[in-house]
Amino acid sequence: MNDNIQTIHFEHRSTNFNRLKGRLESSVGKAIGDFNMIEEGDTVMVCLSGGKDSYTLLDILLTLQKRAPIDFKIVAMNLDQKQPGFPADVLPNYLKNLGIEHHIETQDTYSIVKEKIPEGKTTCSLCSRLRRGIIYKIAGELGANKIALGHHRDDMVETLFLNMFFGGKLKAMPPKLVTDKGDHVVIRPLAYCAEKDIARYARGMEFPIIPCNLCGSQENLQRQNIKQMLHDWEREYPGRTQTIFTAMQNVKPSHLLDGELFDFKGIKVGDKVDEGDIAFDMGE
Ligand code: SF4
């Protein structure tokens with residue numbers, strides 16, 4: 001056994017690892033409760049990509065399902081998009097060994113994307129649109145009313161900055177949303193989980209990770225830049241990402257400038273001001 005594997009095995013058994021597992025479980029449980037993500041009788045389709053986030057999501061949901069006070073069903077789903085080199089047997093084997101209900105959908109979106117998008121242009125937006133359509137269709141066929149995705153806290157914070165910097169919008173990624181046709185509810189139970197915790201958990205659990213660069217497309221470069229910016233901030237000011245995330249849950253429309261969210265025009269003498277009168281305090 002090489003040193004790395006030994007370290008992983010040790011980490012797997014250690015108290016620290018159990019603490020990490022407990023932390024992830026309680027964060028997922030809290031997100032489910034706070035946003036009422038899963039209810040009695042739900043069928044939750046968990047989308048597995050083969051990356052650390054979705055393996056962790058499935059694993060934690062299966063643990064929570066065993067001790068939940070409600071009954072709900074979990075079905076795992078993977079979409080094999082026929083990217084060159086995709087190891088098509090890894091996920092089916094993993095899911096068979098777990099012994100849970102699952103569905104593998106094979107659809108060659110890779111060829112469609114390559115055919116439609118000129119060489120050198122980014123393929124992600126068409127690819128994700130195709131993937132989304134297929135995922136919704138499969139959810140319908142499997143009788144799933146909820147679709148669980150593996151996005152986590154850091155994805156949400158990155159999206160906030162992406163939308164601010166490039167879209168001029170104060171908008172992140174919702175923990176729960178209804179699909180356009182209204183047929184399904186998409187949930188993100190890892191919303192409260194930090195990416196570094198998920199990465200450590202995935203290493204300790206030795207999930208059979210499938211690399212995510214098989215399509216050859218550069219993952220959104222701007223997202224990578226923002227990831228790096230947050231990483232640098234975190235190194236200089238530990239805890240900053242969590243503070244930003246907390247701010248996303250603590251919005252004061254009266255102290256922003258969106259007239260749709262707060263009736264600035266209607267303000268008159270005698271009105272109570274949210275958080276008090278701090279008009280002359282630049283720090284606020
Ligand atoms: S990175 Fe590749 S697989 Fe992922 S969305 Fe972009 S084109 Fe699709």
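**The whole protein**

Display the complete chain first, and bear in mind that this is a predicted model. The protein has 10 helices and 6 strands. Along the principal axes, its C-alpha atoms fill a box of roughly 70 × 50 × 40 Å. Of its 284 residues, 25% count as buried. Consider next the contacts in the protein with a separation of 6 or more: residues 24 or more positions apart account for 75% of them.

**Helix 2 and helix 3**

Select residues 15-34, which form helix 2, together with residues 52-67, which form helix 3. Two packed helices are described by the angle between their axes and the distance between the axes. Here the axes come within 10 Å and cross at roughly 80 degrees. An angle from 65 to 115 degrees counts as roughly perpendicular, and helix 2 and helix 3 are therefore roughly perpendicular to each other. Which residues make the contact? On helix 2 they are Leu-24, Glu-25, Val-28 and Gly-29, while helix 3 contributes Thr-56, Ile-60, Thr-63 and Leu-64. By class, the residues of this contact comprise 4 nonpolar, 3 polar and 1 charged.

Now select Asn-36, in the loop between helix 2 and strand 1 (43-48). The phi of Asn-36 is near 50 degrees, a positive value in a residue other than glycine. Is Asn-36 buried or exposed? Asn-36 is exposed, because 10 other C-beta atoms lie within 10 Å and a residue with 12 or fewer counts as exposed.

**Helix 5 and helix 6**

Proceed to helix 5 (residues 109-116) and helix 6 (residues 124-142), which pack at an angle of about 145 degrees with their axes 10 Å apart. Their crossing is right-handed. To view the contact, select Thr-109, Ile-112, Val-113 and Lys-116 in helix 5, which meet Leu-126, Cys-127, Leu-130 and Arg-131 in helix 6. This contact has 5 nonpolar, 1 polar and 2 charged residues.

Remain in helix 5 and select Tyr-110. Tyr-110 is buried, because 21 other C-beta atoms lie within 10 Å and 20 or more are required for that description. Leaving aside residues up to four places away in sequence, Tyr-110 touches Gln-81, Lys-82, Gln-83 and Cys-215.

**Helix 7**

Select residues 153-167, the 15 residues of helix 7. From first C-alpha to last, helix 7 reaches 20 Å, close to the 21 Å expected at 1.5 Å a residue. Which residues of helix 7 are buried? They are Arg-153, Asp-154, Asp-155, Met-156, Val-157, Glu-158 and Leu-160. What covers these buried residues includes helix 8 (195-205), helix 9 (221-236) and helix 10 (240-248). Helix 7 is followed by Gly-168, whose phi is positive, near 60 degrees.

The last stop is Glu-206, in the loop between helix 8 and helix 9. Its phi is near 55 degrees, a positive value in a residue other than glycine. Glu-206 has 12 other C-beta atoms within 10 Å and is therefore exposed.

Technical notes:
Residues are numbered from 1 along each chain as its sequence is written. This is a predicted model: local features need pLDDT of at least 70, side-chain atom pairs count only at pLDDT 80 or more; totals for chains, interfaces and linings use all residues. Helices (H or I, at least four residues) and strands (E, at least two) are DSSP runs, numbered from the N terminus. The expected span of a helix is 1.5 Å times one less than its number of residues. Two residues are in contact if their C-beta atoms, placed from the backbone, lie within 7 Å. Axes are lines fitted to C-alpha atoms, for helices over the stretch in contact, and angles run from 0 to 180 degrees between N-to-C directions. A crossing is left-handed if the near helix is turned anticlockwise from the far one by less than a right angle, and right-handed if clockwise. Ala, Val, Leu, Ile, Met, Phe, Trp, Tyr, Cys and Pro count as nonpolar, Asp, Glu, Lys and Arg as charged, and the others, Gly among them, as polar. Angles under 35 degrees count as roughly parallel, over 145 as roughly antiparallel, 65 to 115 as roughly perpendicular and the rest as oblique.
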